[in-house]
Amino acid sequence: MKAFFIITVFLYSLVSKGQEKPKEVQSKIYTESEVSILPKLMYGSNALTRHVYRHFKAPKKAIPVPPKIQCSFVVEIDGTISNIQVLNTIDEYYKNEAIDTLASFKEPWYPAVKDNQQVRCIHYYDINLAP
């Protein structure tokens with residue numbers, strides 16, 4: 001009787017797992033013009049700017065300062081950012097510092113929305129270094 005019960009529970013668990021729908025993995029990255037609601041920071045739009053100006057480190061050696069560093073990153077469905085890139089051609093130090101500074105920003109985002117579904121979306125951000 002005990003073996004019958006164990007086999008029944010085992011078979012029931014197999015049947016119920018077979019009925020679960022696999023989660024759809026979303027890999028498409030939308031542009032801001034393709035979504036109905038843009039990604040935004042949960043704690044205000046100035047949080048990223050404050051973080052950059054507090055954590056971006058100037059080089060110790062004399063390197064010409066670019067007036068602007070154009071960056072892009074993907075706002076993921078879970079509110080994190082990934083795929084950080086520097087888009088303009090600048091000195092390697094500034095490029096690495098921009099990527100490191102943005103990667104250290106851990107405040108959550110509201111993801112973009114398209115057709116009432118949260119989606120991955122590329123976001124563009126400029127770091128202005130000119131006085």
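What percentage of the 131 residues of the protein count as buried? The figure is 32%, where buried means under 20% relative accessible area, exposed means over 50%, and partly exposed lies in between (1.4 Å probe, protein chains only).

1. Basis of the note. The model is predicted, and local features need pLDDT of at least 70, side-chain atom pairs count only at pLDDT 80 or more, and totals for chains, interfaces and linings use all residues. Residues are numbered from 1 along each chain as its sequence is written, and side-chain values use heavy atoms, with hydrogens and water left out.

2. Overall layout. The protein has three helices and seven strands. Helices (H or I, at least four residues) and strands (E, at least two) are DSSP runs, numbered from the N terminus. Read from the N terminus on, the order of the elements is α-β-β-α-β-β-α-β-β-β. Contact means heavy atoms within 4.5 Å. Among contacts between residues at least 6 apart in sequence, 76% join residues at least 24 apart.

3. Strand β3 and its partners. Strand β3 covers residues 68–75, and six of its eight residues are buried. Two strands pair if DSSP finds at least two bridges between them. With strand β7 (residues 117–128), β3 pairs in the antiparallel sense over eight bridges. With strand β4 (residues 81–86), β3 also pairs in the antiparallel sense, over four bridges.

4. For C71, the bridge partner in β4 is V86.

5. The hairpin. Five residues lie between the strands in the hairpin of β3 and β4. In this hairpin, G79 takes a positive phi near 95°.

6. Residue I84. This residue lies in strand β4. Is I84 buried or exposed? I84 is buried, because its relative accessible area is 18%. Leaving aside neighbours within four places in sequence, I84 is in contact with S72, F73, I99, L102 and A103. The C-alpha atoms of I84 and A98 are 9.0 Å apart in space, and the two residues are 14 residues apart in sequence.

7. Helices α2 and α3. Helix α2 (residues 46–55) and helix α3 (residues 92–103) pack at an angle of about 130°, and their axes are 10 Å apart. Axes are lines fitted to C-alpha atoms, for helices over the stretch in contact, and angles run from 0 to 180 degrees between N-to-C directions. The two helices are therefore oblique to each other. Angles under 35 degrees count as roughly parallel, over 145 as roughly antiparallel, 65 to 115 as roughly perpendicular, and the rest as oblique. The crossing of α2 past α3 is right-handed. A crossing is left-handed if the near helix is turned anticlockwise from the far one by less than a right angle, and right-handed if clockwise.

8. The contact between these helices. On the α2 side, the contact is made by L48, H51, V52 and H55, and on the α3 side by E97, T101 and L102. By class, the contact has three nonpolar, three polar and one charged residues. Ala, Val, Leu, Ile, Met, Phe, Trp, Tyr, Cys and Pro count as nonpolar, Asp, Glu, Lys and Arg as charged, and the others, Gly among them, as polar.

9. Residue H51. H51 is found in helix α2 and is buried, with a relative accessible area of 12%. Which residues does H51 contact, leaving aside its neighbours within four places in sequence? They are T101, S104 and F105.

10. The loop between β6 and β7. D115 is found in the loop between β6 (112–114) and β7, and N116 is found in this loop too. D115 has a positive phi of about 55° although it is not a glycine. For N116, which is also a residue other than glycine, phi is positive and near 60°. D115 counts as exposed because its relative accessibility is 64%. N116 is exposed as well, with a relative accessible area of 77%. The C-alpha atoms of N116 and S36 are separated by 8.5 Å, although these residues are 80 residues apart along the chain.
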